[in-house]
Amino acid sequence: IEDVEYLFQLASIELPSNAAIVSTKWLSDCIRAKALTTPEKQHFLCRKAPEKKLPNDSATSTDISSASAAALSTEFLCQMRCPLEHHNASLAQALSVLARNSEHQYGITKDQQYYAKALAFDRAAACLKSLQQPLLSISQLTDSCPRYIGDHAIRIITELLNTGASVEVDAVTGSDLYQCMTNLTAVYGVGQALAYKWYSCGVKSVSDATHRLLRHHECGEGQQQKRDSELGALLPMGGGDHKRLQTGLAFHNDLVNKPVTLAEASYFRDLIAKLLLELRGPGFTVTLVGGFSRGKSTGHDCDLLITHDVEGREAGAVSDLARVLTAAGMVIHGTFEANSFSPSVLSRDFRVKELRSTLDHFEKWLGVIKLSSKDADSSTVDRDVESIMVKIDGNGCDRRGAEGLPAAKRRALSPNYCAFDSFAEAVAMAGGEAGAASTSRGWLARRVDLIAVPRSQYAYALLGWTGNRLFNRDLRLFAQRQRRMKLTSHGLFDLQKEASLPASSEEEIFQHLGLDYIPPKFRNC
């Protein structure tokens, strides 16, 4: 009852003295009965008995610690410490469900209210992650409740604390649309809009989409026009996305159901570092970023930052690596993006709007490769690199990529490459619609991103690619609103002084912003 009274106080509404306050369980029972039922004893809320505190045991207190209270008083998540493991996992997960649902709705409708809701739920969940003790009562937040824990989130948290469940969260997780959108957007190459397009056409699972695409390739001439119409409903706009989508569907079992392990990611990092040494000589640094650098033991891909001690020598390294991996028979699908950076990127005005507004202009290669399904062991890197070199020599590719080769051979070893010509071939390569066991084919499909970064921009790229996206968004928002600066993965620009601020480390970037340094393991907002 104390929590309900607190909510009425927030809303400046007087709670009637004769009001009988019931839990949401009564509402759930009414819905099941399809009628207003008489509340029973278990439906009524009661006042909590005074809590007894053990002497000299602060862990039994329901008061938020001073450190947590200090974190809650800030407006920006980039000043909070959000560890991977925290005390309020179930509460944060429930809010994350509502955030993802709002994100789906925003992707479908482009209505800004859903974008705002997704952001609000995510920020409230991050706040809960930062607490150094379990949240046992909503009144614990009375004195330091940040303004971005909105009324909606407060209602959900209160309901969860009182009953252990939320009618709204249960309704969302049980809805057909949410389940389908969540499953379909997990496919590599499928965004919110395409997932909803599939859902509207009756495609509600990965197997549905796979089966329909295969039917298109198997149909006879008389059915071709009808099948072409169906195919148009399944494929995204723009032919360049088709191969990536087909890769995502064919190898969905590997890419989604079998996450990349830290051992695999570390092995691939060491493999790339050794290949660069063989191809281009010493001076390169290869860093594993993303969730792994924040303490995660698994992830959906392996992101590697590549830089060189000498500014400019990193240029072309990514395309050379892509060609060598292709010549070695390791690439299933890959897309190369040339460096598009210009000084104006640092200084032009901007607004932090989108949930994923972290695009950069580095040279990069985004691919899906074959990685041995055996236990990843960095001790075998030297042997594996030697084997790769033998393969590329046999394929007529010199150790600097495809330079000097005939035009046809250069095209075959292009950094933009796909190992299959049709979706049916991709499915066969994967081992059939269900996907073969990795032990039978000896490898797993793995998503990898290779990003070449100039040494002068490395600290900023490291900060940006470490994530997570909410932390980055708020850090950039803080720079914009509180410091009149523009922060990107390329640098920090002081809009008042009209000058770039160089940095050789993440710590130095935080110093430029006047913030305490937050280690990567506490950036899991």
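Buried means under 20% relative accessible area, exposed over 50% and partly exposed in between, computed with a 1.4 Å probe on protein chains only. The model is predicted: local features need pLDDT of at least 70, side-chain atom pairs count only at pLDDT 80 or more, and totals for chains, interfaces and linings use all residues. Residues are numbered from 1 along each chain as its sequence is written, and side-chain values use heavy atoms, with hydrogens and water left out.

View 1. V167 is partly exposed, at a relative accessible area of 31%. V167 belongs to helix 7 (residues 167-173); helices (H or I, at least four residues) and strands (E, at least two) are DSSP runs, numbered from the N terminus. Together with L27 and I31, V167 makes up a nonpolar surface patch of about 240 Å² accessible area. Patches consist of residues with over 30% relative accessible area and no salt bridge; like charges are joined within 9 Å, and nonpolar side chains (Val, Leu, Ile, Met, Phe, Trp, Tyr) within 5 Å. Accessible areas come from the Shrake-Rupley method with a 1.4 Å probe, and for residues only the protein chains shown count as cover.

View 2. An unreviewed UniProt entry lists D301, D303 and D449 under "binding site". The three span 149 residues in sequence, yet no two of their C-alpha atoms are more than 7.6 Å apart, so they gather at one spot. UniProt positions are given in the numbering used here, feature names are shortened, and annotations may be inferred rather than shown by experiment. D301 sits in the loop between strand 3 (298-299) and strand 4 (302-308) and is buried at 9%. D449 is part of strand 8 (residues 443-452) and is buried too, at 10%. Leaving aside residues within four places in sequence, D301 is in contact (heavy atoms within 4.5 Å) with V260, F292, R447 and D449.

**View 3. Surroundings of L346.** L346 lies in helix 16 (residues 344-347) and is buried, with 14% relative accessibility. Beyond four places in sequence, the residues that L346 touches include F341, K486, H490 and F493. L346 and A499 are 153 residues apart in sequence, with their C-alpha atoms 9.3 Å apart in space.

**View 4. Cysteines without a disulfide.** Zero disulfides (pairs of cysteine sulfur atoms within 2.5 Å) are found in a search of the whole structure. For C78, the closest cysteine sulfur is that of C525 at 8.2 Å, too far for a bond. C82 is in no disulfide either, its nearest cysteine sulfur, that of C525, being 4.0 Å away. C78 is buried at 1% and C82 at 0%.

**View 5. Salt bridges.** The whole structure holds 21 salt bridges, each a side-chain nitrogen of Lys or Arg within 4 Å of a carboxyl oxygen of Asp or Glu. In one of them, E103 and R100 meet at 3.3 Å, N to O. These two are three residues apart in helix 4 (residues 89-109), about one helical turn. E103 is buried at 5%, whereas R100 is partly exposed at 23%. R100 and E103 are linked with D122 and R469 in a network of salt bridges.

**View 6. A salt bridge between R455 and D309.** The closest N and O atoms of R455 and D309 are 3.2 Å apart. This pair links distant parts of the chain, 146 residues apart. R455 is partly exposed at 28%, and D309 is exposed at 53%.
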